[in-house]
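Dear colleague,

Here is the structure I promised to pass on to you, and below it I have set out what was found in it. Please keep it open beside this message as you read.

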Amino acid sequence: MRRNADPTRQPRALFLVASCLAAALTSSGCLTGPLSEGNAAQPHLDTKVFQISCEDGRRYAARTLKARNYRITSVDRSGADTTVGGRNDTDKVTSRLTVTCGADGVTVSPSGSNQWIIDGLRFGFYQIADAGDRMWPPPKGPVVKMELYSGPEAKIEFPSELEPLGVVAVRVRVINAGERTLRIDPRRLRAVTEAGAPAVPLASADAERKLAAIDPDIKSKLLKPTKVKQGESVIGFVFFPVGSYTGGALALIDDQTGEADDYDVNFATS
């Protein structure tokens with residue numbers, strides 16, 4: 001049976017709220033107060049420490065830019081800092097978010113062509129970090145989420161880009177909000193090419209061999225065969241040969257009956 005992988009879509013609603021804020025900030029009605037003087041609309045966010053991991057900070061920076069129709073054009077990692085750059089082709093603007101990791105969390109510093117863009121990015125990051133990966137309403141059944149990492153964006157998750165190694169990565173997150181214990185087998189994951197054809201993932205051993213030279217933690221990042229009980233979740237990476245992929249499908253297997261349901265995911269909306 002084929003199922004909708006993510007019936008909640010809660011993060012997209014947050015993105016719409018954030019986008020509305022950005023639009024409001026650029027309207028002529030906002031040109032009063034501190035903004036009209038080139039100052040931040042919410043200066044308390046300038047130095048706010050977000051109680052999240054470095055990894056989530058990088059993900060949320062990319063997610064913030066994408067929510068405003070930026071495509072990720074660069075990711076520069078240097079010590080405690082990661083700068084994620086993006087280009088909004090419609091508005092013809094380039095902006096960046098720098099995430100700085102510390103012992104107590106992360107801070108974020110946006111840059112753009114004007115104060116309104118900067119404030120919109122800063123507040124957008126705040127909204128996304130505050131929501132985290134929570135879903136509303138809470139799901140009542142299994143949920144599968146997938147994110148494709150290729151090009152510069154791969155450096156959000158890995159020390160360097162992946163295409164020179166001949167691979168792209170798919171980050172898989174499975175939340176079991178149902179009543180049955182489910183089995184997950186990475187070999188049952190398929191990516192979908194732009195032509196609509198299914199693509200088979202690399203074997204875990206092959207992926208580990210290819211990435212070991214650039215990422216000493218690769219073994220811990222791989223999605224492994226596992227069982228997920230009610231209320232549990234699992235996250236891991238599966239790798240595919242370099243190519244253009246639009247989505248994926250993962251079979252979740254009932255541990256008791258062996259029945260498998262395929263969950264389809266669109267990479268653009270997951």
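In this predicted model, a search for disulfides gives a count of 1 disulfide. As a reminder, a disulfide is a covalent bond between the sulfur atoms of two cysteines. The two partners here are Cys54 and Cys101, whose sulfur atoms are 1.6 Å apart. Because Cys54 belongs to helix α3 (residues 54-67) and Cys101 to strand β4 (residues 93-102), the pair ties together parts that are 47 residues apart in sequence. With a relative accessible area of 23%, Cys54 is partly exposed, whereas Cys101, with a relative accessible area of 18%, is buried; the cut-off that matters for this is that buried means under 20%.

Helix α3 has 14 residues and reaches 20 Å from its first C-alpha to its last, which is close to the 20 Å expected at 1.5 Å a residue. The helix is mostly covered, since 11 of its 14 residues are buried, among them Asp56, Arg58, Arg59, Tyr60 and Leu65. Just after α3 comes Asn69, which takes a positive phi of about 65°.

Strand β4, at the other end, is part of an open sheet of 4 strands, which has the order β2-β3-β4-β5 and antiparallel pairing. The edge strands of this sheet are β2 (71-78) and β5 (105-111), each of which pairs on one side only, and the twist averages 20° from one strand to the next. If you look at β4 beside strand β3 (residues 81-88), you will find that the two pair in the antiparallel sense over 8 bridges, and that Thr82 stands opposite Val99 in β4.

The next topic is charge. Side chains of opposite charge can pair when their charged atoms come close, and the structure holds 15 salt bridges. I describe a few of them here.

One of them joins Glu147 and Arg171, with the closest N and O atoms 3.3 Å apart. This pair links distant parts of the chain, as Glu147 is in strand β6 (residues 143-149) and Arg171 is in strand β7 (residues 167-175), 24 residues apart. Glu147 counts as partly exposed at 22% relative accessibility, while Arg171 counts as buried at 8%.

A second salt bridge is formed by Arg180 with Asp261, the closest N and O atoms being 3.7 Å apart. Since Arg180 lies in the loop between β7 and β8 (182-193) and Asp261 in strand β13 (residues 260-266), the pair ties together parts that are 81 residues apart in sequence. Here Arg180 counts as partly exposed at 32% relative accessibility, but Asp261 is buried, with a relative accessible area of 2%.

In another salt bridge the side chains of Lys227 and Asp255 meet at 3.5 Å, N to O. Lys227 lies in strand β10 (residues 226-228) and Asp255 in the loop between β12 (245-254) and β13, so this pair ties together parts that are 28 residues apart in sequence. Asp255 is partly exposed, with a relative accessible area of 28%.

With best wishes

Methods:
Residues numbered from 1 in each chain as written. Predicted model: local features only at pLDDT ≥ 70, side-chain atom pairs only at ≥ 80, totals over all residues. Heavy atoms only, no water. Disulfide = S-S within 2.5 Å. Buried < 20%, exposed > 50% of the residue type's maximum accessible area, 1.4 Å probe, protein only. Pairing = 2+ DSSP bridges. Axes fitted to C-alpha atoms, helices over the stretch in contact; angles between N-to-C directions. Expected span 1.5 Å × (residues − 1). Salt bridge = Lys/Arg side-chain N within 4 Å of Asp/Glu carboxyl O.
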